[in-house]
Structures are given as structure tokens and as C-alpha cells.
Amino acid sequence: MAKAFFRLQKFLRRTQFLLFFLTAAYLMAGSLLLLQRTRLVIQQGSRGTSANLALPAPDTMARVGIVDPRTLQNPQPGPRLLVGMDALQEPALDQRHSPRWLVSRNSELRQLRRRWFHRFISDQEPVHAAGFQARKHAAEHTGTYVGCFSDDARERTLKGAVFYDLRKMTVSHCQEACAERAYTYAGLAYGAECYCGNKLPATASKPEECNSECRGEKGSVCGGVNRLSVYRVEELRAGARRRRSVIYRGCFRAPENLTDTFPASLIQPNLTVEMCSEFCSKKEFPLAVIRGRECHCGYPTRQFSLHDSADGLLCSGMHNASGTAGGKYCLVYQTPVQDTRCTDRKFLTTKSNVFVALSSFPGAGNTWARHLIEHATGYYTGSYYFDGALYNKGFKGEKDHWRSRRTICVKTHESGKTEIEMFDSAILLIRNPYKSLMAEFNRKYAGHLGYATDRNWKSKEWPDFVNSYASWWASHVLDWLKYGKRLLVVHYEELKQSLLPKLKEMVEFLNMTVTEDRLLCVENNRDGNFKRSGAKQKDFEPFTQEMKDLINKYILTVDEALRGKNFTGLPREYVPR
């Protein structure tokens, strides 16, 4: 009995020691994690104006405009930025350039990640089929429910247009989106994905296999895993039909053989633009081409690229019955149908050997550049951050770990030696700082697609924002020029003006080969889903003269640094105001 008691006492002592050790280890780990996070916030907060990012700008400007390289060879006395040196000769910026806005921004990003992650986890709770059928079609919808169908991701039947919304997708939202683009059917999958088309999927499935609840509408079914809940879209009311925008693209010289160039055709007396557009929309083609009584449908191709428009007078009279068939010119209209030749995207099948950054200052068009790259290459782009709003809109690389190497390139706004040197190469996207600052301020107060209010612009936040972020705009470029291993510098304004040549350059830098037709499809879908909408203020000038003087100095500094690294200087559009 004594021996058994002794063994029990010995075991309890060991258990006590083990519990004490585990508790101490847990507390130590928590303390280390807290210290590490605090250090990370301080480091990230100081990136905009670190020691090597202090931006002493020229005291004097020889003239209004970007400095002539010849004048830079004999600069006037004053503090200068020496790109490539380990240390700068001037002290750091004063307190008004402090990193408090950067700390605030990183805090916002962390909160966004936490909120969206918890929302994403809660949304992953499985929806059970039991009891779901009773409330399956409880909500009222304008369309007619057709049934549950199998969905093949490699060859979709409903591929006319694709939309994602992992927070607010509803049956009505999907139906309206498809109806405005003149499609007959709307299909929903995974509770958050919407597909449009004019042909029903071939394979029907059991009704209970469509068991995913719509993310934005409790009690409604939005497909399932590889399953589509398909609705027949009701004809829109007259007011809604007008939103089916048919865009006039111009007058163009007709190709020699229209039948070979365009897959679908219609000959119709008294042909109108609306009749031709409706016909091509039903055939799921983005272009409606009219020559006399002939209506042709198709895509932009190498033979018909829409790059060289003709004088509109050469096409006068062709939109009505009096037009003469067989003419040399034709009218071209953009239908509401989406060009789907470049909408398929996926992750890389094998890990990339080259780790590529898509780096820019916030507000410089990084999201738009990602849209172009994804549609041109067919591969997702990643992100150093975890932006749920972008993921909800189809940027699926957002939820992939940024170091997974499963994406074609990784978005980042970071700067600093450590953050830059972990990338093997980078596309450095630069935008006019005046436009970048306004775009980022709009994003901060109105999201990716809205505009800040007058109250925001007139508040004290705007001057503080400019004082802090203007230096970050310059230091971001300077750091990448200094520490980047292999760079392709792309100016946002040049990308907008010469989309295809610049996009080809970017794709080649990523070591990808794409077809001409795919690039033309990207050009046809150039805006994507992230073009700001709403009332834009006309003749709005938020910059004071003091702000302009500050920004202009940084423009000159960056221009000189680019030339010093044998890159082309900043575009003339950056000429100081």
C-alpha cells in the first residue's frame, strides 16, 4: 500500500512540474509574439521615411517642369539625393513627414485581415440538405427557376459573363447582372459565383446537390460544389433595358472576307443598330458590325483589331436600309456581352522559380495592372496583403499565401531593403503623384470604387495625408531603384495610352507567351470591375500651393534618380503644376 501511495505521489509531482513548464512556455511564447508584432508595426510604420528614405529635395528648381538631364550635371548648391549610396548627407524629414499615417494604414490592414478572416471562416459552415428544401425558393425572384445542373470548370456552358461576390451574392443580383448584359440564363455556384449564358448546361443534377446558401440572402440556394442553380432571366423593363449599353466603337475599313472574319451573320431589310446588337448578344459575341443590310458578329482579331478607325463620314447612311451592301467600310458597336476569350484564370500548376513583385505606391493602379496581367496570362496574381474586397470580386490570389509561388506575381506597396531583396525581380508601377495621392485618399474614405466627400477633402486629414504620403511616393520608387535586383519600370499613364505594347512588355518580363487574340480580348475588357463610379467633381483642385511645392520637389528627385539608373525619366504629364 505504501509503495502504491509513493508511486501516486511521484506521478502527481511530475504532473505538477509538467503543467508548470507548459504554462511558462505558453506565457513566454505569447510575450515573444507580442514583441514581434510590435516591432513589425514600428518597422512598417517607418518605411515611408526611414533613414535611407529621407528625401532632401532640391532647394531650387531651374524651371517649371522636369529637370533637364543636362542641368542635372551641374546642379545648384543645395541638399541632393544620391541614389545608390549607403547613407544620405542630409538629416531626416521634419515632424510633418512623420510615419503616423503609415502606422495607421498598417493597423487598418491588420483589422481588415482579421475581420474578413473571421467572416470567411464563419461563412464556411456547411449547409445541410435536410430542412433546406423547404426554404429553398422562399425568397421572391423575378426569374424562373430551371433546375440544378452540373458545372464543368474546364468547359462551362454559361460562360458569357462571370461575377463574384463572396459577401453579398443573391439570386436577384445575379439575374439582374445577366439581364443587363442581354443573357437568357443566370447560374449560381458555391453560394457566391454568378455565370451568364444563352444555353442551358447539358447535364442535370439532383435538386438536393444544389445546397449552398447564397452569401447575401438567407434561405435562397446559390448552387453548390460544381453545381449550378440555373434561372431563366425575365425580360427587363424598358428603363432597365436602356442600361444595356451598346457602345459605338467607330467606323472601320471592312475586312476582305467578312464571312471568314465573323462567325455569325444576318441579312435584314430595315436593319437597325438595336436589331443587330440584340442578334449578336443572343449569339454571345461582343461586337456587332453593320455594313448596309448586313449584320455580322464576332470578336476583335488580328484581321480586325479596331486600332485604325476611319472618318465617320465614310460610314454615313450605313446604319439604315439605304446603305449599300458590299461597301468598303462598316460601323462597329460594342454589345453588352463580355468577351470571354481571356476570362479563364488559374493558379500555377508548379511553383514558380522566379519570385516576382508587382510593386507600386498605393493609388498607382496596382489593382488595374493585376486585372490586365491575370487576363493576359491566364494566371492569378498574389498579394502581400489580404484584401477581402478584392477577393470577393474575383482576385482569388488574395487568399493564397503571398510566398506560395503559385501566382504569376505578387502585389506589394512595401519598401525597404529586406522587403525588396526577397523578390528576384519586380514590375515597378509609377503614377503621377498628384493622381496617386487623390486615388489613395478616395480609397481610404470611400473604398475601391467610390469618391471621398467634400467634407473629407476640406478636413485637416487631407493636409496631413499629403505631407506624409508625398514622401512615401518618392521613397518607394527610390528604394526599389536602389535594392531591386531586376526591374521593369512601367508608367501608369503610358500603360493607359499604349495598352497593348506595354502589356506585351510586362508579359514578356514575366516570361510568358500569349496569343494576339488573348491580348485583344484584354483590350476589350480593359476596365475590369474596379473603375471608380459615381459623381466626380469637375475642376476640383485639392492641392494648395504649399502642397504643390512639396510634391514638385519629389517629382524632380525621382526623375533624376530614374535617369541615374538608365531608365527613362518621368513622363511629361508629371510636369509640376
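Start with helix H15, residues 499–509, in this predicted model. Its buried residues pack against S14, H8, S17, S18, helix H14 (492–497) and helix H16 (516–524). To see which residues these are, select Leu499, Leu500, Leu503, Met506, Val507 and Phe509, the buried residues of H15. An α-helix has 3.6 residues a turn, so residues three or four places apart point the same way. Now look at how H15 is placed: the helix lies across S14, S17 and S18, and runs at about 160° to S18. Past the helix, select asparagine 511, which follows H15 and has a positive phi, near 60°.

Next, display the sheet. In which order do its strands stand? The order is S15-S16-S14-S17-S18, in an open sheet of 5 strands with parallel pairing. Select strand S15 (382–383) and strand S18 (487–491): these stand at the edges with a single partner strand each, so one side of each has no neighbour in the sheet.

Pick glycine 382 and you will find valine 410 of S16 opposite.

Keep H8 on screen and select H16. Two packed helices are described by the angle between their axes and the distance between the axes. For H8 and H16 the angle is about 150° and the axes are 9 Å apart. The two helices are therefore roughly antiparallel to each other. Their crossing is right-handed. Which residues meet here? On the H8 side, select Leu372, Glu374, His375, Ala376 and Thr377; on the H16 side, Arg518, Leu519 and Val522. By class, this contact has 4 nonpolar, 2 polar and 2 charged residues.

Last, move to strand S8, residues 247–253. Select strand S13 (residues 329–334), which pairs with S8 in the antiparallel sense over 6 bridges. Within this pairing, glycine 250 has valine 332 of S13 as its bridge partner. Then select strand S12, residues 309–310. S8 and S12 also pair in the antiparallel sense, over 2 bridges. Here, cysteine 251 stands opposite alanine 310 in S12.

Conventions
Residues numbered from 1 in each chain as written. Predicted model: local features only at pLDDT ≥ 70, side-chain atom pairs only at ≥ 80, totals over all residues. Heavy atoms only, no water. Pairing = 2+ DSSP bridges. Helix = DSSP H or I, 4+ residues; strand = E, 2+ residues; numbered from the N terminus. Contact = heavy atoms within 4.5 Å. Axes fitted to C-alpha atoms, helices over the stretch in contact; angles between N-to-C directions. Buried < 20%, exposed > 50% of the residue type's maximum accessible area, 1.4 Å probe, protein only. Parallel < 35°, antiparallel > 145°, perpendicular 65-115°, else oblique. Left-handed = near helix turned anticlockwise from the far one by under 90°. Nonpolar A, V, L, I, M, F, W, Y, C, P; charged D, E, K, R; others polar.
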